[in-house]
Amino acid sequence: MPTAARRPSLLSRIAVLAAALSASLCVLAAGGPASAAPTPPFPEMRYAAVVVDAETGEVLFSRRGDSLRYPASITKVMTLYLTFEALSTGRISLEDRVVISARAAAQSPTKLGLPVGASLSVSEAMQALAVKSANDIAVALAEKLGEGSERRFAAMMTLRARELGMVNTHFVNASGLPDSRQVSSARDLAILSRAVLRDFPQHYSLFSQPSFTFQGRKMNNHNGLLWRMPGTDGLKTGFTSASGYNLAASGVQGNRRLIAVVLGGPSNARRNAKMESLLLTGFDLAARRDRGERVQFAQASFESEPAPVTLMAQVRSDTEALAPDRVVLTSAPAPRNLSGFEIVDPASSGLRQAGRPESGRWSVQVGAFKSQELARKQAAIVQKLAPAHFSAQGRAERAGTSWRTRFAGYTETSARAACKALKSRGQPCMVLPPAA
């Protein structure tokens, strides 16, 4: 039985999201002169990537895996995940109709372009999202599942993300159209991709569908890696001016499935080439391990790891770029899980890592739960999984209506090592600086 079938209704628990929403990024993209937003070089600014073993959850490679990025249309994987849940629990059927509202019809391309009042089946809507990446259909489907409100559906998306362990993700729309509050990370998107494979394997083939024909129009899948690399069978592309070219992909060689996420590519071709390189290296690594070799990803095989970098709300300088963006502070508070970042002056157009706080007072958060009992149980689980890194007693801290499990007393280096060890065992983890 899929995991979703055992969960209570999302709509009955939207109140729980009040605390989680305080962890949302609250910045606003606004236009500005080109001189205020210099174009970042691809390797140094927006590029982030992870490679994960789909079966075990082991992270084989991570580069800026937890840095904040705009997910763009990879957002639609979560929209589809909640649709799969609704199908599994009987809330909707594949034959149910999805009606196009005025708000859905007004969305920017890419879209099907159906008029207000037109409809299509849930099955057709799912294909339109996975293959065409239709923004109007994403909104229409969100309104159907969110009882008429895309905003309510976005809250459902964020809540489900938290429950899946996507600690750096916040959704405000179902399509991935530009909104600087909508953020995620390469690791979080890999967690989501793995959840789709694990929870709804019966629907996964949707992501490898090469084309979609609707009302006589044939539309090809945007994921060119489906044809470029044998064994690749998903998942989703994404692009906005601020995000760059994104791709969440999965592929199989032999009996091994890998999931990889590449964010911030400077072009479709270079993003695909980077993804292919990561997957091929990952499969080679797995094969050599199977032969008994003690090997790991060579970080230097890609790029050397600089100091942690940040979400850059900037654009490319080529002819496809839109108006330059810059980031300005709005009235809402910065999220707790972004406490290592600071909002900078609009003229510098981005988020940057805050100055290094003093060492010795760092902590590690390993989950957020609905009850103190669950938070305490998670502390015990973590100590069993990585006793060398979590020898101290974990504590359950109240945060609004939720409880957070945290371990304290680390230096920055030891906190990052502890978190890395835990993530290699498939558990969510977040390093927190002092006063976070």
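The dialogue below goes through the cores, the aromatic pairs and the disulfide of a predicted model.

Reader: Which residues have the most contacts inside the largest nonpolar core, and how many residues does this core have?

Author: In soluble globular proteins, nonpolar side chains tend to be buried together. A nonpolar core is here a set of buried Ala, Val, Leu, Ile, Met, Phe, Trp, Tyr and Cys residues joined through side-chain atoms within 4.5 Å, where buried means under 20% relative accessible area, exposed over 50% and partly exposed in between, with a 1.4 Å probe and protein chains only. In this structure the largest such core has 62 residues, and those with the most contacts inside it are M78, Y81, L112, L120, I137 and F207. Helix 2 (75-88) is among the elements that give it two or more residues, and the largest share, 8 residues, comes from helix 2. A second, separate core of 17 residues includes L247, L258, L278 and L279.

Reader: Which aromatic residues do ring pairs link into a cluster?

Author: Rings of Phe, Tyr and Trp (its six-membered ring) pair if their centres lie within 6.5 Å, and planes under 30 degrees apart count as stacked, over 60 as edge-to-face and the rest as tilted. The whole structure holds 8 aromatic pairs. Y81 and F200 make an edge-to-face pair, 5.1 Å centre to centre with 75 degrees between the planes; because Y81 lies in helix 2 and F200 in the loop between helix 7 and strand 6, this pair ties together parts that are 119 residues apart in sequence. Y204 and F207 form a tilted pair, at 5.9 Å centre to centre and 45 degrees between the planes. Y204 is buried at 6% relative accessibility, and F207 is buried at 0%. Ring pairs link Y81, F84, F200, Y204 and F207 into a cluster.

Reader: Which cysteines does a disulfide join, and are they buried or exposed?

Author: A disulfide is a pair of cysteine sulfur atoms within 2.5 Å, and by this rule the structure has 1 disulfide. C419 is joined to C429, with 2.2 Å from S to S, and the link is left-handed, with -140 degrees about the S-S bond. Both C419 and C429 are buried.

Reader: What should I know about numbering, confidence and atoms?

Author: Residues are numbered from 1 along each chain as its sequence is written, and side-chain values use heavy atoms, with hydrogens and water left out. In this predicted model, local features need pLDDT of at least 70 and side-chain atom pairs count only at pLDDT 80 or more, whereas totals for chains, interfaces and linings use all residues.

How values were computed:
Helices (H or I, at least four residues) and strands (E, at least two) are DSSP runs, numbered from the N terminus.
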